[in-house]
Amino acid sequence: MTVARPREGFAVQAGKYSLLVVFVLVLIIFSLLKPSSYGTVSNFKSLLAINIPGLFVALAATLPFIVGEFDLSVANVAILSEVLFVGLIELQHLNVFLAIAIALVAAAAVGLINGIAIAVFRFSSFIVTLAMASLVAGIFLAYTGAQTIYSIAPHSMTAFTRSSLWGIQLPIFYGIFVTIVLALVLGRTPLGRRMYATGSNQRAALLTGIPTRRYVIWTFVVGALLAGCGGILLGSTLGSAAPDTSGGLLIPAFAGAFLGATAFMPGRFNIPGTFVAVYLVAAVLTGLDQFGAAQWVAPAFEGAILFVAVILQTWTTRARARAAAASRLKELNELQSADNQS
Amino acid sequence: MSGAPISSEIGAPALRVTNVEKVYGGEVALGGVSFDVAPGEIHGLLGANGAGKSTLIRIISGAEAPNGGSVEIFGGPIRTSGTGSDKGNVAHIHQDRALAPTLSVTDNIAMSIGFPTRFKFVDRRRADEQARAALESVGLDIDPRKLVAELSIAEQTLVAIARALASNAQLILLDEPTANLGADDRLRLLERLKTLSRQGVASLLITHSLSEAMSVCDNITVLRNGLVAETVAVSSTDENALAELIVGRSIVTERTNERSFDPATTPRIEVRNLQAAGIGPLKFSLAPGEILGITGLADSGHQLLGELLFGSLPCSDVDVLVDGEPYVPTTPREARNRGLGYVPGDRLRDGLAIDLTLDENLFLDGMVYGERVSRKKERAQASEALRTASVKPPIPEAVMSTLSGGNMQKVLVAKWLFSTQKILILSEPTVGVDIGARGEIYRLVREAREKGIAVILASSDVDEVSILADRALVMQDGRVVAEVTREGLTPGRLTALSSSASVTN
């Protein structure tokens, strides 16, 4: 009689860690297939380091989802910051700190405009951020003249990403630090609870005394800042900045957010989930790369992952609802038998 | 298009439910349910949330197949259809009426019975005529070119019924058609249903209101835990007997105990003046531990009071004292900080974070009674609150969407009740809540009163106000038309005062 419920409950429980398990399996399988190139500490380190900018953009994409919105402009904001950071140092000869500051202010400004348009004027986040993405692309194309900026310049530009501490590249520290801080804030503090409440039912949150508008605006600003950081790290690592309008950063970021929503807190966008998802996708792509995958493989794979992740995310939510429905019926059943006994 | 049902078999009942069983994943939702509805009969279907009403309705409307037993409509099978499609013989009038609000009445009706055309183009005039004819069948005299959104909820329900009848539905399933209606609209709608039944239309009415069932139904089937508790003729039962059938034990509908309030104490909240669009000027005050009922018809303004005082709707002029200190409602946050709590009437829209857990809903802003505590402590506190409020299941990690309506409402009340708030505004606290849960919610409200919380009970349910309140105000068109003291608090008097044109105390 009661077989169905525990099984579905187990499925939901297992679902929490399945992404992590898949991630570890991917690492093991590729390591076994390519023990000399894939299964090495240096490969894992570089896998971790190279994808830190992408991680930042994925985290930037995750935050608006938590408050019930989304931001299609994160990728272009990252590129804007990258281009400004490299360009201001290389072309305008500003010092590194000033360049970073200006690149971040620009990113935050975009986030602020998005946030205000969405939270105060109640425009659809789809249209607002899509428009903003294009506007931002226009700005960075104008600034660069559509040319890649190469730096011949100061070591200071690349110092904070190309150096290592205890044999570990600095970007890894930045990425893990930011991930932990965000995970703690969202999962363990009243602020995080209020953001999830806003995302679940904005009116209910408002009528509980949560200033939801302010939260939505700040979420967009912080999201844009994270994207900006991702862009700066990318520029610094590469020592150059390409005004890329291909949207190559956006799809993996969204795939990471959605795939991450199937893990740890199934059905909910969450930071640890995004972290694991970003590296799962990266681990697979790095592996395929070592098998000499053609250029079309990466975008196709990322698109497929996003597609599958959306389906999985919907499924986990439904599975949870089903498990709950089954437990309600069971309760009803118990009531009935209790009633019959009395 | 007349409303008379076409019998497919002479003498067959309009609806015959025979031994219907439904099992979900090994769990019994319906354990063999049987009853008949005669042509022209209004048959009530009552039961607590979770008793199997919705499952049964889904089966009768053809949305789901039973695991055992059969359902016959006038001796024939159910012809399944989408809501209001022209092929079905059963029309399920959903709570949300399933109308397209931004289209006209004409278009809504034509959507299911077809657009009359002329040279392949829609013939507007004939479409309007067809709509008018359909509306006539339910006695509704409105311009069919009006948008559905412009109609009152009662009118929308009638339009949905008219559409169903026009598409030859032989049985109408009404799912709580009077929820969210004021007393006046409620009466009008029920009158229309009676008229339709005299014309031979059979309907199955689901309701939580016993008085409504008693006043309009011929027979009533009470479901309990997936079984028929009993099918009774209205002529041979009364509300208390029905209530007992529903909960399976006798329930008390006793009034809140009497208490005297010293006029010299500072009122917990004193509204010296409150005005907003279409509301006011209002003036009232509450002592600590007093329950003030505010009632009226649906559009009388009492339902807006909560949002006005809680700062989520703007007041044009306001002069309020909380514990003797001036309070200006600006934002819900300010209201909360000043010790107000608000349980909104539309819990799905305004109250619940449906995909979050119970403890997250209880402590939606992340603070536990004003303090930051560990996750573990929060769970423990939530568990205690859920037990005290007898929420089922009392599991903090359960997701809100898995609860029944009554239990959701208990969580919402508990959310404010156990906090340190001093003033609680409840808007329609038991709409769509079964009798068992209703009793629990009343108990919680009385506990709040014992703690010295001042409770503003804004409710269209006159039974509720007369049982629960110490005192009541009756509103009409945004103004208070009468103040009723404890001695005068009866449902009859409140109803009379709500709808009377000239008010005499």
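User: At what angle do helix H8 (residues 170-188) and helix H13 (residues 271-290) of chain A pack?
Analyst: This is a predicted model, in which local features need pLDDT of at least 70 and side-chain atom pairs pLDDT 80 or more, while totals for chains, interfaces and linings use all residues. Residues are numbered from 1 along each chain as its sequence is written, with chains lettered from A and ligands numbered from 1 in written order. Helices are DSSP runs of H or I with at least four residues, numbered from the N terminus, and axes are lines fitted to C-alpha atoms over the stretch in contact, with angles from 0 to 180 degrees between N-to-C directions. The axes of H8(A) and H13(A) lie 8 Å apart, at an angle of about 145°.

User: Which residues of H13(A) make the contact with H8(A)?
Analyst: Contact requires C-beta atoms, placed from the backbone, within 7 Å. H8(A) contributes Thr179(A), Leu182(A), Ala183(A) and Leu186(A), and H13(A) supplies Ile271(A), Pro272(A) and Phe275(A).

User: Which residues of H12(B) are buried?
Analyst: The exposed Lys376(B), Lys377(B) and Arg387(B) are on the face turned away from the buried side. The buried residues pack against helices H11 (358-362) and H13 (405-417) of chain B. They are Glu378(B), Ala382(B), Ala385(B) and Leu386(B).

User: Which residue with a positive phi follows H12(B)?
Analyst: Helix H12(B) spans residues 375-388. With a phi near 40°, the residue that follows is Ser390(B).

Terms used
Helix = DSSP H or I, 4+ residues; strand = E, 2+ residues; numbered from the N terminus. Expected span 1.5 Å × (residues − 1). Buried ≥ 20, exposed ≤ 12 C-beta atoms within 10 Å, placed from the backbone. Contact = placed C-beta atoms within 7 Å.
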